[in-house]
Amino acid sequence: MEIKLRLAEAKDCPQILALINELAVYERAPEEVTVDLEHFTDSGFGKNPVWKAYVAEADNKVIGFALFYTRYSTWKGCRLYLEDFIVTEEYRGKGVGKILFEKVIEESRNGNYHGMVWQVLDWNEPAINFYNKYNATLESGWLNAALSTEQVKAF
């Protein structure tokens, strides 16, 4: 199996969004994906792109991706934030995730970021085990907080 790794292009957005929905099902929250294809594509390839991604391809099909952007920490400075990282179920365990993750680590190093951060669900043992292979620091004690579009509008 030949894996091709490259930066995502606008034409990849439908396949990436399909993988995002696959990830949401895996994370037991399929109803939480509310972004539409137009907004997603514009956010990555419009006038003011806010994200980049690497895609992994096999047989001319996107089988995985790692989407990231710059996050600023008042304590640490610019850090690369890995927003989503998934390999479709059929290709898991074949080294595709390792290739993608290590490419994002390279992006962090070459982009002069002050580190790389991401989140992982506390019940996602396969992901936790994967990150432990990199001696990643898995923090506890932080709670995620958010306001939805509706909550912001209601303010």
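Modeller: The buried residues of helix H1 are Cys13, Ile16, Leu17, Leu19, Ile20, Leu23 and Ala24. They share one side of H1, because the arc they cover around the axis is only 160°. That arc is taken from the directions that lead from the helix axis to the C-beta atoms. Buried means under 20% relative accessible area, exposed means over 50%, and partly exposed lies in between (1.4 Å probe, protein chains only). Helices (H or I, at least four residues) and strands (E, at least two) are DSSP runs, numbered from the N terminus.

This is a predicted model, in which local features need pLDDT of at least 70 and side-chain atom pairs count only at pLDDT 80 or more, while totals for chains, interfaces and linings use all residues. Residues are numbered from 1 along each chain as its sequence is written, and side-chain values use heavy atoms, with hydrogens and water left out.

H1 runs over residues 13–26, which makes 14 residues. From its first C-alpha to its last, H1 reaches 20 Å, close to the 20 Å expected at 1.5 Å a residue. The expected span is 1.5 Å times one less than the number of residues in the helix. After H1 comes arginine 28, with a positive phi near 65°.

What covers the buried residues of H1? The cover includes helix H2 (37–45) and the strands E2, E3 and E4. Here contact means heavy atoms within 4.5 Å.

Take E4 next. Strand E4 covers residues 77–87, and eight of its eleven residues are buried. E4 runs antiparallel to E3, and ten bridges join the two. Two strands count as paired if DSSP finds at least two bridges between them. One of the bridge pairs is leucine 67 with aspartate 84 in E4. E3 and E4 make a hairpin, with three residues between them.

E4 also runs parallel to E5, with three bridges joining these strands. From E4 the chain crosses through H3 to E5, and this β-α-β crossover is right-handed. Right-handed means that, with the strands pointing away from the viewer, the path from the first strand over the helix to the second runs clockwise. In the pairing with E5, tyrosine 81 has valine 117 as its bridge partner.

Within E3 sits alanine 66. Its relative accessible area is 0%, so alanine 66 counts as buried. Leaving out residues up to four places away in sequence, alanine 66 touches Lys52, Ala53, Tyr54, Leu82, Asp84, Phe85, Leu100 and Val104. As a general point about strands, side chains in a regular strand alternate between the two faces of the sheet.

Threonine 88 is in the loop between E4 and H3. At a relative accessible area of 13%, threonine 88 is buried. Its contacts, apart from neighbours within four places in sequence, are Leu19, Glu22 and Ile63. Between the side chains of threonine 88 and glutamate 22 there is a polar contact of 2.8 Å. A polar contact is a pair of N or O atoms within 3.5 Å; within protein, one must be able to donate a hydrogen and the other to accept it, and residues adjacent in sequence count only if both atoms are side-chain atoms.

The other is asparagine 124, in the loop between E5 and helix H4 (125–132). Asparagine 124 has 7% relative accessibility and therefore counts as buried. Its side chain makes a polar contact of 3.1 Å with the side chain of tyrosine 26.

Helix H4 has the buried residues Ala127, Ile128, Phe130 and Tyr131. They too lie on one side of their helix, because they cover an arc of only 160° around the axis of H4. Their cover includes E4, H3 and E5.

Aspartate 59 lies in the loop between strand E2 (52–58) and strand E3 (61–73). Its phi is positive, about 55°, although aspartate 59 is not a glycine. With 71% relative accessibility, aspartate 59 is exposed. Asparagine 112 is in the loop between helix H3 (96–110) and strand E5 (116–118). Asparagine 112 is not a glycine either, yet its phi is positive at about 60°. Its relative accessible area is 62%, so asparagine 112 is exposed.
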